[in-house]
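Please go through the sequence and the model shown below, and then read the notes that follow, which move from a single residue to the chain as a whole.

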Amino acid sequence: MSSSEPEPAEVVTENNESMDQGVDPESNGSKPQENDLELPIRQMPDDGMETVRRIFASNVLISGLNGLGVEIAKNVVLAGVKSVTLHDEEDVQQWDLSSNFFFSEDDIGQNRALACMQKLQELNYSVMILTSTERLLKEQLSNFQFPLLLKAVVFTDVSLEKAIEYDEFCHNHKPPIAFIKSEVRGLFGSMFCDFGPNFTVYDVDGEESHMSIIASINNDNPATVYCINDERLELQDGDLVVFSEVDGMNELNDGKPRKVRDVRPYSFTLEEDTTTFGKYVKGGIVTQLKLPKILHFKPLKVALKEPGDYLLCDFSKYDRPALLHLAFQALDKFRHDLGRLPVAGSEEDARRLLNFFASINMSSGVSKLEKIDNKLLCHFASGSRAVLNPMAAIFGGITGQEVVKACSGKFHPTFQFQFFYFDSVESLPDEPLKADDLMPLNTRYDAQISVFGSKLQTKLKEAKVFMVGSGALGCEFLKNLALMGVCCSPKGKLTLTDDNFVEKSYLNPHFVFHDCNIGEAKSTVAVTAANSINPALHVEALQNHVSPETDDVYNDAFWDSLDVVISALDNVNARLYIDSQCVYYQKPLLESGTLGIKCSTQMIIPHLTENYGSSRDPPEMKVHTSTVHSMPHNIDDCLAWARSEFESLLEKAPIDVNNFLSNPTEFAASIRRAGNSLARELLERVLECLEVRCETFEDCIKWARLKFEDYFTNCVKQLQFAFRVDSASITGASIQCAPKHFLRPLQFSSSDPGHLQFIMAASALRAQAFRIDVPEWGENQEILADIVDKVMVPQPKPKKDAKIDTDVKTTSPSTASIGKSEVIEGLLSELEVCAERLPPGFRMNPIQFEMDHDANHHMEFIAILANMRARNYGIPEVCKLQAKLIARRIIPHDIATSKALAAGLVCLELYKVLAGGHKREDYRNTFANLALPFFSSAEPVAPKEYNYRYMTWTVWDRWIIHGNLTLRDLLIWLYRRGLNPYRISCGTSLLYNSMFTVHKYRMEKKIVDLAREVAMVELPPYKCYLDLVVTCEDDGDTDINIPLITVYFR
């Protein structure tokens, strides 16, 4: 750098032509868009109105538009701040194309900030995008010289000397400016945060304040409060709470915060003398009060010498952060003294960095490290010039969320651990890399080649990848794959499938979909965007759902050709099917998912790890079914019930109907195996669809009218009959004590707008489920009222023996009453009769909930269903918008930062999969919660091993037999291995059962002939094998779970 005084930084404002690139000065940097006001609503559930307001008022500076800088900028722009200023003094180089998804070859030679500006603006026209291309002085960060009062500044490529200077200015500024230094060096990354001497966090974890229902309060000093034992109290000693709706002890309803202590699972002591208060009668809610938290950050200069504890993310590397803390300082010293970064593969540069490291370590005093991993430091030096895309995505997500925290005060920043270090050195190829293999080839992948070598780059380009899903997470994957060069040669191929279309709700936090894409296939739009990032990407976009119904598309040849499968699904059943296919075809599956601000990844590697179906995510906190179905406390409970009913009526029931019609035998077998009340309820749900099958829209209106009577009149009368006002639940608490309001049935009236709105929405959705066109008069209220008034509604009689669930600890339907086998068989017989009356090929249309498409009646149905339920219980109703906001809190939505983090983590594992030769301990499963923040990475769990005699197998194994065997041949093959087979199935059909005498006559028949005759299996000329499920037992009659048997008959 020049020692002369630099010119003041040029900040492009509305007076410069750069501002004309997509920004209208008259609209404060915004172009009016139809959806501008709707996009922020998607943030409200996790952020809240006040938090969103603070974000919208924040101005952010991002310096250094390399791959990391643009990832941070993308996430911050999608978060919806007021303005983002892009600062960069350097021009685009070919080296940048491997990590910055906004750069193209046409941008080479342009300033990096200017090259990114327009594309960042297109992500969110509500955000003002400014640029600065000259050297930045610390004084210019002040609102006296900067056009906007900055809330946060981020530096991605700054020397330590300048970083200390900037941070000191920001730390002492009035008000303080949040300072973040984040950088990526090959497979290593670091982040430092300083939000000032006194930073206020308004919500530490983003979780909802805990609420409990009061069972009793005594008149004592101090008072003891007992809560009903529906769930354990989530309070801690010293927490503040407020009381409401307390009957009798009205003095507590004053809204005054009160401190609790001696917290037990279902009670706590209140630091209050209640001896003079009124006597507690019933009811009441105690609500946890969250107070702001003040954090005192250390400036960078101090923190470098006194780093304290580090935010640890991988306990197998517990000593790594301290090593990297010094390594990044040594790299800064190398760059300062030599004016460049180390050359990839240079042993001399590696030695120089080791010398700098040793010097810094010697001067560290008590923090001096005794154990130094020189090999790791050599890897660090060799790849230090590269900004790898997956690492940029990871730190772009983490840093982007820290910026949002600085702007909003929501979620806990990295305060206790101001430094965060991360590495993935285990992603390097298993074989040693030679210096020649790391040399640049004058391609856009040179940065990646400098870390992994040209051999792995060739493997990446020639890979054959199947990706399922192109939503927010899928688009992050596509971006990463294009930048990494995966499938970017004629020998490689990426197959992407997604059967959904772009809706308005997808526009945020997507950086791919725009207004003009609404109604287009998501996979097609995503592929077009990916090709714009890297035209060499060889990709095919499909719109097929991956399921047994599309086996003709995703056939044996397709699966056999794949190297790896990437899942970007948000549906557990779909994930399980993809998992089963990957197990069958022995393909690696890279699984990931997000839930709001949290994300997780799971690596499923053949024969090394367990598969997805072997373990499930920990159960989520469930809304108690008694609360949802019989005793709602508030509108949230009513909306949870409405959402549950939508899923049951319009998604699950049609799916169950189609499963029954597709394979009645297997459906009946699974029902008989279950044999409980849940199976009975499922059968009744299917039977209701087929017995009362709608053929016209008038039938749908009649169904809606009877459903209204059932929901809001008959069920409520049954509850009134079962419980009087003074009735008690099994816990002893009054059934209708506050906040469980006294219920009343509704009397239908076509003149009531709410009642008619229910009929309109319910009949339209019922018609969609039965594939019936809604006539033009379908939303004409006068015609609907006339038709619905003519519907004959039968008068029900209350059931004296009806079981009403009042146990608030129940989280699933009661299984106490077991559906007897004769009842199950009777319902199955009725289903068979109904099926015979159906037209050929009849199938229902399952409806997946989508809340942001106003014309689909989904949210309208949910809102009116919840409001009618609320009216039953005297609970205040809400408008459709309020219902949508609450529903978003019930149904977690997309957060750009967590998606970016998950995609980056998975792509680090993709290097390992495509390189080959890695051991299980090299792979990582990760869980992260960006709100806390919390990171946990660990090696995957090994698959469960089964042992019998001399044989060992796992879920990944198949037993393969060649030859056109008879049934007797197969049995002998098993007997010789000490197994006693008693059942053999092909598909859903039973080929052999040792208890059936008639099956003995099948002994001499070929397996393939039995499959054709009994299982009705079609075997085209290209099909040369059959899969058999065999159930065996040992000599002690103990069942043995053997692998799938594949018989190659030709």
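## The surroundings of E71

In this predicted model, and leaving aside residues up to four places away in sequence, E71 touches F101, N389, A392, A393, G396, E476, K479 and N480. E71 belongs to helix α2, which runs over residues 67-79, and its relative accessible area is 0%, so that it falls under the 20% cut-off and counts as buried.

## Helix α9

Helix α9 covers residues 389-408, and its 20 residues reach 28 Å from the first C-alpha to the last, close to the 28 Å expected at 1.5 Å a residue. Because 20 of the 20 residues of α9 are buried, this helix is largely enclosed by the rest of the structure. After α9 comes G409, with a positive phi near 75°.

In helix α11 (residues 454-461), the buried residues are L456, Q457 and L460. They cover an arc of only 105° around the axis, which means that they sit on the same side of α11. An α-helix has 3.6 residues a turn, so residues three or four places apart point the same way. The partners against which the buried residues of α11 pack are α10 (446-452), α12 (472-484) and α26 (896-915).

## Nonpolar cores

The largest nonpolar core holds 163 residues, of which L86 and L141 touch the most other members. Helix α26 supplies the largest share of this core, with 13 residues. Apart from it lies another core, made up of 75 residues, including F646, C689, L743 and A769. In soluble globular proteins, nonpolar side chains tend to be buried together.

## The chain as a whole

The secondary structure consists of 28 helices and 32 strands, and 56% of the 1050 residues of the chain count as buried. Among contacts in the chain with a separation of 6 or more, 74% are made by residues 24 or more positions apart. The accessible surface of the chain is about 45600 Å², and carbon and sulfur atoms account for 50% of that area.

## Confidence of the prediction

The average pLDDT of the chain is 86, and 86% of the residues score at least 70. Over residues 618-629, however, the pLDDT is below 50, although this stretch has 36 contacts in the model beyond near neighbours in sequence. Residues 725-740 also have a pLDDT below 50, and that stretch has 40 contacts in the model beyond near neighbours in sequence. Where pLDDT is low, the predicted coordinates should not be read in detail.

How values were computed:
Residues numbered from 1 in each chain as written. Predicted model: local features only at pLDDT ≥ 70, side-chain atom pairs only at ≥ 80, totals over all residues. Heavy atoms only, no water. Buried < 20%, exposed > 50% of the residue type's maximum accessible area, 1.4 Å probe, protein only. Helix = DSSP H or I, 4+ residues; strand = E, 2+ residues; numbered from the N terminus. Arc of directions from axis to C-beta. Contact = heavy atoms within 4.5 Å. pLDDT = per-residue confidence, 0-100. Core = buried A, V, L, I, M, F, W, Y, C linked by side-chain atoms within 4.5 Å. Expected span 1.5 Å × (residues − 1). Areas by Shrake-Rupley, 256 points an atom, 1.4 Å probe, with all protein chains shown as cover.
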